[in-house]
Amino acid sequence: MDGIHDMGGMDGFGKVEPEVNEPVFHAPWEGRMMAMQRAMGFAGAWHIDHARFAQERLPPHVYLTASYYERWMLAMETNVTERGFVFPDELAVGRALRPGKPLPRKLTPDVVAQGMTRSTFFRQQQGPAIFKIGDGVRTKNNHPSSHTRLPRYARGKHGTIALVHGCHMYPDSVASDNGDDPQWLYTVVFDGVELWGQDADPTTKISIDAFEPYLEAV
Amino acid sequence: MADHEHDHEHSSELTETQLRVRALETILTEKGYIDPAAIDAIVETYETKVGPRNGALVVARAWTDSLFKSMLLADATKAIGTLGHVSRVGDHLIAVENTPKLHNIIVCTLCSCYPWEVLGLPPVWYKSAPYRSRAVKDPRGVLADFGVALDRDAEIRVWDSTAETRFMVLPMRPAGTEGWSEERLADLVTRDSMIGTGFPKMPEETA
């Protein structure tokens, strides 16, 4: 979706301001929030792209004023209720009013180490890769209202295949609850001038990782 | 509700956010979805174990072992798996090498993708609108915000982490470090040098 999360190339947000000696968490609730998301993901309650899509659907003014982990909280409230794990009356009173639904597994202390390693996103290929390293491609100029990982600044642009990563689960399908739909994944590199026009810095190249359905041959 | 969590926050004036996060933890625990002891363990791991030191050890090894370096650049997940002192990382990690003519920068314009297993959790600036919006369009301007200036003719390569691939930068080894041990070299490797918004420290910057 063409949401506020898709920020690449926007002006007006000001300077980057690094914080000296930044703590891992700025308040204990941030750590709880991060770890709960991790635990629900491990349990198989939803996929990372569901978490992303729930954030992307936040109204722009909410997205921009909420802190990072506040967005995680808002997204988790969306996912637990939309998927029937928690009901709004339970969120309102702050406790469970019904038993939980079964989940494939549970993150317990004995499997935390295993749960901390990212799971693989490789999936069985459904066909051979269309593109190879060095091929010229053009990204499609699609604007789906659902979740996608092709940023606006890189739509309808000419680039070159730089890396072939194998077949991965396809976020556009996963976030729409249509299954893994494995797709070939490529790093596509663009000249700065192709993305940002003739006044762009000619020494800059930018790459995205693009799934095969985002690309067409040129 | 996990009683131990109350111990962290005694204030009677909890913010709405604190209350809502607490409500989530209570409900998810009561319904049997999560185990608060595992939540504790995850928080502790990120606060004490998983951080940029892991990545720094990987860089230091690459600086001292050319075979490891070529393995790292070919398949970072597999190469790091051969190091006993850095925990295993998941699939899809890619290391990209800085040279005098090429400077790499990592960003996630869409949110916050970051190589957690080698760098820990990302700093706030990495997840912020200024960095996400400008890194792909004005990388030299972003570097200037960090006090970093590159040669005008050096190529800048920005890697936007738009899928489950994760990137880390292999920075250039500082001059004057010949014969240094991996441990000493690792002390020079900053988090930002592995994102591409900084350089390793110079030898004279360490005690």
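Predicted model: local features only at pLDDT ≥ 70, side-chain atom pairs only at ≥ 80, totals over all residues.
On the chain A side, the contact is formed by W29(A), R32(A), M33(A) and M36(A) of α1(A). The partners from α2(B) are T17(B), Q18(B), V21(B), L24(B), E25(B) and L28(B). Sorted by class, this helix contact comprises six nonpolar, two polar and two charged residues.

The contact between the two chains as a whole takes in 71 residues of chain A and 68 residues of chain B. Several elements of chain A each supply at least two residues to the side that touches chain B. The helices concerned are α1, α2 (48-56), α4 (68-82), α5 (88-93) and α6 (112-116), and the strands are β2 (158-168) and β4 (204-211). The largest share, eleven residues, comes from α1(A). By class, the chain A side divides into 37 nonpolar, 17 polar and 17 charged residues.

A residue of helix α2 of chain B, I27(B), was examined individually. I27(B) counts as buried because it has 25 C-beta neighbours inside 10 Å, the threshold being 20 or more. When residues up to four places away in sequence are not counted, I27(B) touches V86(A), E90(A), R95(A) and A96(A). The C-alpha atom of I27(B) is separated by 43 Å from that of L170(B), 143 residues apart from it along the chain.

L93(B) belongs to strand β1 of chain B. With 22 C-beta neighbours inside 10 Å, L93(B) is likewise classed as buried. Although L93(B) and T165(B) are 72 residues apart along the chain, their C-alpha atoms are separated by 6.0 Å. Neighbours within four places in sequence aside, L93(B) is in contact with A76(B), T77(B), P115(B), R166(B) and M168(B).

Backbone geometry was also considered. Most residues other than glycine have a negative phi. H92(B), which is not a glycine, has a positive phi near 80 degrees. This residue lies in the loop between α6 (76-81) and β1 (93-97) of chain B. H92(B) is buried, since 22 other C-beta atoms lie within 10 Å. A positive phi, of about 60 degrees, is also found at D177(A), again not a glycine. D177(A) lies in the loop of chain A between α7 (171-175) and β3 (183-191). D177(A) has 10 C-beta neighbours inside 10 Å and so counts as exposed, the limit for that class being 12 or fewer.

Within chain A, two domains are assigned: domain 1 spans residues 28-116 and domain 2 spans residues 136-217. Taken over C-alpha atoms, the centres of domain 1 and domain 2 of chain A are separated by 28 Å. The contact between these domains involves six residues of domain 1 and four residues of domain 2. On the domain 1 side, the contacting residues comprise one nonpolar, two polar and three charged residues.

Terms used
Residues numbered from 1 in each chain as written. Chains lettered and ligands numbered in written order. Domains from an automatic or database assignment. Contact = placed C-beta atoms within 7 Å. Nonpolar A, V, L, I, M, F, W, Y, C, P; charged D, E, K, R; others polar. Helix = DSSP H or I, 4+ residues; strand = E, 2+ residues; numbered from the N terminus.
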